[in-house]
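Dear colleague,

Please find below the structure that I am handing over to you.

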Amino acid sequence: MSDDSKDLPPAAQRALAEAEERRRKAEEKAKESPKELGGRNGPDPARYGDWEKKGIAIDF
């Protein structure tokens, strides 16, 4: 934690430490997951709502 967090109450300092730990664990988990082979290029369609490929609508 930085020096700025010294001004915060103990509960806020604990919350920041827990959040940092969760971020670290999430990064480790993301590194462990396998890469997708032959996947779609560009942004994630589930996130951006782009359900077409080469002008053809695709579905699950």
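The notes below describe the chain as a whole and then the salt bridges in it.

This is a predicted model, in which local features need pLDDT of at least 70 and side-chain atom pairs count only at pLDDT 80 or more, while totals for chains, interfaces and linings use all residues. Residues are numbered from 1 along each chain as its sequence is written, and side-chain values use heavy atoms, with hydrogens and water left out.

**The chain as a whole**

The protein chain has two helices and two strands. Read from the N terminus, these elements follow the order α-α-β-β. Helices (H or I, at least four residues) and strands (E, at least two) are DSSP runs, numbered from the N terminus.

Confidence is given as pLDDT, the predictor's confidence in each residue, from 0 to 100. For the protein chain the mean pLDDT is 77, and 57% of the residues reach 70 or more. Helix 1 (residues 10-32) has the highest confidence, at a mean of 92, whereas helix 2 (residues 45-48) has the lowest, at 65.

The protein chain has 60 residues, of which 5% are buried. Here, buried means under 20% relative accessible area, exposed means over 50%, and partly exposed lies in between (1.4 Å probe, protein chains only). The chain exposes about 5,900 Å², and carbon and sulfur atoms supply 53% of this area. Such areas come from the Shrake-Rupley method with a 1.4 Å probe; for residues, only the protein chains shown count as cover.

**The salt bridges**

A salt bridge is a side-chain nitrogen of Lys or Arg within 4 Å of a carboxyl oxygen of Asp or Glu. By this rule there are three salt bridges.

One of them joins the side chains of Glu20 and Arg23, at 3.1 Å from N to O. Both residues lie in helix 1, three residues apart, which is about one turn of the helix. The two side chains are also joined by a polar contact of 3.1 Å. A polar contact is a pair of N or O atoms within 3.5 Å; within protein, one must be able to donate a hydrogen and the other to accept it, and residues adjacent in sequence count only if both atoms are side-chain atoms. Glu20 counts as partly exposed because its relative accessible area is 45%, and Arg23 is partly exposed at 46%.

Which residues are linked in a network of salt bridges? They are Glu21, Arg24 and Glu28. The side chains of Glu21 and Arg24 meet at 2.3 Å, N to O, and these residues of helix 1 are three residues apart, about one turn of the helix. Glu28 also forms a salt bridge with Arg24, with the closest N and O atoms 2.5 Å apart. Glu28 and Arg24 both lie in helix 1 as well, four residues apart, again about one turn.

A colleague
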